[in-house]
Amino acid sequence: MSGMWADLGLVVYHIIAVITILYVAFSTGAYLLMYFAAAKDLRKDKDVSGLQYSKALENELAPLSILVPAYNEGGNIVSSARSLLSINYKQFEVIVINDGSKDDTAQRMIDEFDMSPISNRVPFSALGKSTAPIRNIYRSLQHPNLVLVDKENGGKADALNAGINVSRYPYFASLDGDTVLDTDAFIKVMKPIMEAKPGEEIIATGGSVGIANGSIVDTGYLSSENVLLSRNPYVVMQVIEYLRGFLMGRIGLSSFNMLILVSGAFGVFKKSWVIEVGGYETETIGEDMELIVRLHRLLRKKKSKGRIIYIPEPVCWTEAPESRKILRRQRIRWQRGLFESLWRNKDMLFNPRYGRIGFAAMPLFMFVELFGPVVELIGLIMIVLGLVLKAGAGWEISASLTLMMILYGSLLSTGAVLFEEWRFHHYNRIADVFRLVLHALSESFWYRPMLTVWRVIGLAQAIRGKKAQWGEMTRVNVIGGSSDTIKMRPESPLIQPKK
């Protein structure tokens, strides 16, 4: 009897292992397809230079509203607003939305920029969605294109909706308050919109987000010679993740018009389309992805040729978690947010009405990004079982799984590092590039299994109905010392002022 159960267990083991191998092979094939699509697009855009962006500024770019949600940002909101007022762009307005801060964020803006109430003279957009109560709206007497919306706390999505309502221009940019921008960021994301082909409409754009930990930010500008790689291994692995996600995943999806995620750190949208879909959803942590999915839904409904595109050039830099505790909290939260966004739009999955979004993009995120960690965890268990069983077939399957998972993780990550060096070459020190490659090759042996477990925990929490909320991320901005955080000069704003 025991022999029969042992044989049955071995058969089940073989079936599960083969399914896992096929799954990893499918995932690797999907990413390789995006890899080659991204390589084609990067090669095409390789000759785009700063001179071309300067020429773009000479042409007429659409007026832009820049929305900056702020919560307890009294310490840097003034310098951030000043730097935004100095961006390399012709016609724009800056709208700071004070989302019920408990500090003096609003008062600092009012005092510093000589702001006066204008609530009765604001032409509200027809968003058709209520927001948390607005206390007052102010305009600067020094800078007519600077507006402050002082409102009750409602969260980031609610603050952005309030900013959309107050905005005057046909395009708006959503911007995280702690983002360090490239000086030509707005030109980079608006240039494709203005250069759209006849009959084509670009309704949203996003660009690469880099990790600034270890780099030197001077007056809010991160120049290429100041981009340095952190010595913190968790940060280095996140740099590689971002390179793989942005330079391979999003470029590849964008080339097929299947991009369903524009980073919340920085994105530009055509306001009329966002108003038509009802603005940002306030009941989910993944409001950025959820908005893009609804825009795709509307595109298919209207049979529009509109596109949502991704710009390969880095447009902003952000600070990444440096401790295992904060990183774990972030990834569990991200996985819960991904589940919420996909669950809300589950009717699009394999629905012919939504074309490649329903048959390719949504399944990719559902089965690779959302449920992929479960399969990867099973694969890791299969590898261990194969070693423990010490059976011939067990050893063969275990070796095949190990090889496939190394290919899936480490080699694709190494390819992303090579992409960065070939196309942008931000990391100028040979030692930094060498460490990136070494960490990429080591990913499957420590970092990816760790993330896999955290993401499975996040998925389990989401299925159980635990509500996703943003947690606090510790940020330490210093000039020197041994810390691997962003090194910032005193009073450093977001963006380098115009010279």
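Biologist: Is K303 buried or exposed?

Modeller: The model is predicted, so local features require pLDDT of at least 70, side-chain atom pairs count only at pLDDT 80 or more, and totals for chains, interfaces and linings use all residues. Residues are numbered from 1 along each chain as its sequence is written, and side-chain values use heavy atoms, leaving out hydrogens and water. Buried means under 20% relative accessible area, exposed over 50%, and partly exposed in between, with a 1.4 Å probe and protein chains only. Because its relative accessible area is 76%, K303 is exposed.

Biologist: What is phi of K303, and where is the place of this residue?

Modeller: K303 has a positive phi, near 55 degrees, although the residue is not glycine. Helices (H or I, at least four residues) and strands (E, at least two) are DSSP runs numbered from the N terminus. K303 lies in the loop between α9 and β11 (307-318).

Biologist: Is F350 buried or partly exposed?

Modeller: F350 is in the loop between α10 (324-344) and α11, and its phi is positive, near 55 degrees. Because its relative accessible area is 43%, F350 is partly exposed.

Biologist: At which residue does helix α11 bend?

Modeller: The bend at a residue is the angle between axes fitted to the seven residues ending there and the seven starting there. Among the buried residues of α11 are G358, M362, P363 and F365. Helix α11 (residues 355-370) bends by about 30 degrees, and the residue is P363.

Biologist: Which residues have the most contacts inside the largest nonpolar core, and which helix gives the largest share of this core?

Modeller: A nonpolar core is a set of buried Ala, Val, Leu, Ile, Met, Phe, Trp, Tyr and Cys residues joined through side-chain atoms within 4.5 Å. The largest has 143 residues, and those with the most contacts inside it are I66 and F269. Its largest share, 13 residues, comes from helix α7 (residues 233-255).

Biologist: How far apart are the end C-alpha atoms of residues 12-36?

Modeller: The unreviewed UniProt entry places a "transmembrane region" at residues 12-36, 357-389 and 401-419; such annotations may be inferred rather than shown by experiment. In the model, residues 12-36 are 100% helix and 0% strand, and their end C-alpha atoms lie apart by 36 Å.
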